[in-house]
Amino acid sequence: MGVVETIKILVSCSPCLYLLFFLIKLIHRIWWAPIRIQRVMNSQGIRGPSYRLIHGNTKEVLNMRTATMSKPMDLSHNIFPRLEPHLQSWLNIYGKNFLMWHGPEAQLVITEVEYVKEILNDKEKSYVKGGIEGFKRKLLGDGLATSKGEKWAKQRKLASHAFYAESLKNMVPAMIESVEMMLERWKHHEGKEIDVFEEFKVLTSEVISKTAFGSSYLEGKDIFEKLSKMVFLVSRNTLRIRLPGLSLFWKSSDDIESNKLEREIRDSITRIVRKREKVLREEGNFGTDLLGRLVEAYNDTDEKSRITLEDMVDNCKTFYIAGHETTTSLLSWTILLLAINREWQDKLRKEGIRGPPYRFIHGNTKEVLNMRTATMSKPMGFSHNIFPRLQPHLHSWLNIYGKTMLMWHGPEAQLVITESEYAKEILNDKEKIYPKGGIEGFLKKLLGDGLVTSKGEKWAKQRKLVNHAFYAESLKDMVPAMIETVEMMLERWKHHEGKEIEVFEEFRLLTSEVISRTAFGSSYLEGKGIFEMLMKMVTIYSRNFFKIRLPGLSRFWNRSDDIESDKLEREIRDSITRIIRKRENVLREQGNFGTDLLGLLVEAYNDPDETNRITLEDVVDECKTFYIAGHETTTNLLSWTILLLAIYTDWQDELRKEVLELFGEQKPNAEGIARMKKMTMVINETLRLYPPVISLVRKVERESKLIRFVLPADIMLHIPTLSLHLDPHIWGEDAHLFNPERFSGGVAKATNNNPAGYIPFGLGPRNCAGMNFATNEAKIALSMILQRYAFTLSPTYVHSPIFHFTVRPEHGVQVVLHPL
Ligand code: HEM
């Protein structure tokens, strides 16, 4: 029979046609395609063991693995040559990236970290999970570990909800209970041998059952056992290659067993699901654990959010498996390593919060003072890494004692927190456990019980008032006053053109005038006396910061600073009271108090409703707070920004370009300010390197659990801003360098979604009430300066950041002005 006859017969007979197509497809899959892929990869220099028909390299892999596994292994931790001898050997022969074959499937083995990063980050969505087949598919189905695209996104969201930080906290008691059950069993093995692998299997099964499925290990036992059998079948068949499509005609005993197991597992899980659905009918909700969320999604009335029964079963299987196989291994190996390295057992046992020892009365203040005096007495190079200079004690102790440590301000315990997860928890303070600590002494005389320091109901009332005075619409109305004040400053600057100017003092005047006008409806001159007295108070406070006094001693003995600060406090109160009385007179004349901060405060003081009314003392304290908070911090922000722009003149040019594009020669306006991108990046970066407020302080109100620590009541919590702002784990290795570009995608991206990694304005309910005010003021001032001047750093400038209530330049910032 000739070729033509054969083709004719094939074409006229449909089973033959089917067979023909099948054969062509098969030949393509097991011969042509591999040869083509091999050629393409070889042409790019990627080599590897050659492809062998049908089996690829699986036979070699199996032989090598059997050989290594049949030999006993010494107690070495280098398990790679034993578990994957083929990779170990081929990587040596073919280089760091090579091609191998799992049957007719090409596998590119990648071991260069740059490539690995690219593939796993998968920014272009080019490297999806590969589909799974055969036994693996029966084991995991299309659950979270294997699904792709939209389906994966939906499942991931559900799982993230079930396992987010807050839920994890709620799981702690169940975890502890399960460990206790295990340790109860261990009592029968005391002094005897125990196989911990089996123990941990039961433990992790119990934990995942309780926390994700709201049941016990016993209830899920049958599922675990069947899944374990499936895992066994997967391992046994991993390197067995079968002709594609063969399973249509022939089933091995493993196929038959795995099909049966798959059905039985599905039935068992469906029963658990049905049981949970019944709970809805009885209790009205599905529960917030993983199973609850899956069942809820399965019953969702919105088709887009709904998942199928099959999806639910697959996800349950995935979590049953993923939730205990891996953790069992981790626990077992850890116990093995600790049993071998007993000194580490001791170290872990001792691990806790450590720190420099407490010294009678003074705590650690003397050491802190000495360290600080030592660093401050040395000149500093032109570095932006100011943490070791301003807080050398923290810099050094955090290195010695770890990221969370205990130190002593006199007899007061201070827990220093530098892990962003912990800082976030404390500052967000959802359970109202971490209020501000009460203040005493000179700080109390300086700030009184105003918004920065008050607590509870009083704080809530004050914050509402302040938010009213500084909400978006009011801020817009403040723009003309800000512009006018900057113009007054630039009028003075005309006398310095082509010459040096010291900007710190200039900005102090500017910000004092701005806060006077916008919050108090007066001028700097009117408030000048108050500002000056407040500055003296700041100096007294800073001078005494490390002087520890025996509690109650001031009743018997007053030092000159006590006497002076008492006098200042009285005089400030009198001056502010005069401003308040003046505003009250306005009511009588004009019929309203005004809508600025002072107006709202005076109105609340005169409120006929007693529950809303505030005292004269409250008004005075609030005014002091705003006089201080409203200008100290912004003066520093402006000064440091000018310094950085004088050094990095390319950024100065960039900002000028942005300003001219938005405003031309015109005055800035609210809309343009809101659209400034580069300016925002530079301000963010300035506040990262030179945050005016360098530590946030809270108090533990009642004994509480902070992630893994139990905190006793009344301990003080210190969050050092600089430590977080310079943490290379958050910011990368260039954390100490000026690089505004890192903020080009916004703050969340710059911090890798670590909200507490960047806290110049604090975080949570007690964040800065003047943040938008301050940034608007800074943007307006910088824009108007950039429109008129180029500036360069004067040779007289000495880099000496110092902590004096806020982080400021000790000798000011001198620049030379070049008119444009
Ligand atoms: C660059 C400028 C500023 C910075 C870096 C800054 C920083 C901060 C920080 C870190 C906090 C939180 C403190 C904590 O959590 O313990 C805070 C709170 C506060 N800031 Fe600012 N601030 C700035 C400007 C201003 C301005 C201009 C005002 C007033 C107009 C202001 C008023 C306040 C007030 C009243 C609070 C207390 C809020 C509360 O506890 O509810 N700040 N500021």
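Student: Against which helices do the buried residues of helix 32 pack?

Tutor: Some conventions come before the answer. This is a predicted model, in which local features need pLDDT of at least 70 and side-chain atom pairs count only at pLDDT 80 or more, while totals for chains, interfaces and linings use all residues. Residues are numbered from 1 along each chain as its sequence is written. Helices (H or I, at least four residues) and strands (E, at least two) are DSSP runs, numbered from the N terminus. A residue is buried if 20 or more other C-beta atoms lie within 10 Å of its own, exposed if 12 or fewer, and partly exposed in between, with C-beta atoms placed from the backbone. Two residues are in contact if their C-beta atoms, placed from the backbone, lie within 7 Å. In this model, the buried residues of helix 32 pack against helix 29, helix 30, helix 33 (721-725) and helix 36.

Student: Which residues of helix 32 are buried?

Tutor: They are M679, T680, M681, V682, I683, E685, T686, L687, R688 and L689. Because 10 of the 13 residues are buried, helix 32 is largely enclosed by the rest of the structure.

Student: How is the packing of two helices described?

Tutor: Two packed helices are described by the angle between their axes and by the distance between the axes. Axes are lines fitted to C-alpha atoms, for helices over the stretch in contact, and angles run from 0 to 180 degrees between N-to-C directions. Angles under 35 degrees count as roughly parallel, over 145 as roughly antiparallel, 65 to 115 as roughly perpendicular and the rest as oblique. Here, the axes of helix 29 and helix 32 cross at roughly 105 degrees and come within 10 Å. Helix 29 is therefore roughly perpendicular to helix 32.

Student: Which residues of helix 29 and helix 32 meet?

Tutor: From helix 29, L637, W640, T641 and L644 meet V682, I683, T686 and L687 of helix 32. For classes, Ala, Val, Leu, Ile, Met, Phe, Trp, Tyr, Cys and Pro count as nonpolar, Asp, Glu, Lys and Arg as charged, and the others, Gly among them, as polar. This contact divides into 6 nonpolar, 2 polar and no charged residues.

Student: At what angle do helix 30 and helix 36 pack?

Tutor: Helix 30 (residues 649-663) packs with helix 36 at about 100 degrees, and their axes are 9 Å apart. The two helices are therefore roughly perpendicular to each other. L655, R656, V659 and F663 in helix 30 meet S783, L786 and Q787 in helix 36. That contact has 4 nonpolar, 2 polar and 1 charged residues.

Student: Which residues come nearest to the ligand?

Tutor: A residue is near a molecule if its C-beta atom, placed from the backbone, lies within 6 Å of it. Of the 24 residues around the ligand, T633, G762, C768, G770 and A774 come nearest. Helix 28 (616-629), helix 29 (632-647) and helix 36 (771-788) each give two or more residues to this shell. By class, the shell has 15 nonpolar, 7 polar and 2 charged residues.

Student: Where is A769, and what does A769 contact?

Tutor: A769 lies in the loop between helix 35 and helix 36. With 21 other C-beta atoms within 10 Å, A769 is buried. Beyond its neighbours within four places in sequence, A769 is in contact with L451, R463, V466, N467 and F470. A769 and V466 are 303 residues apart in sequence, yet 7.4 Å apart in space, C-alpha to C-alpha.
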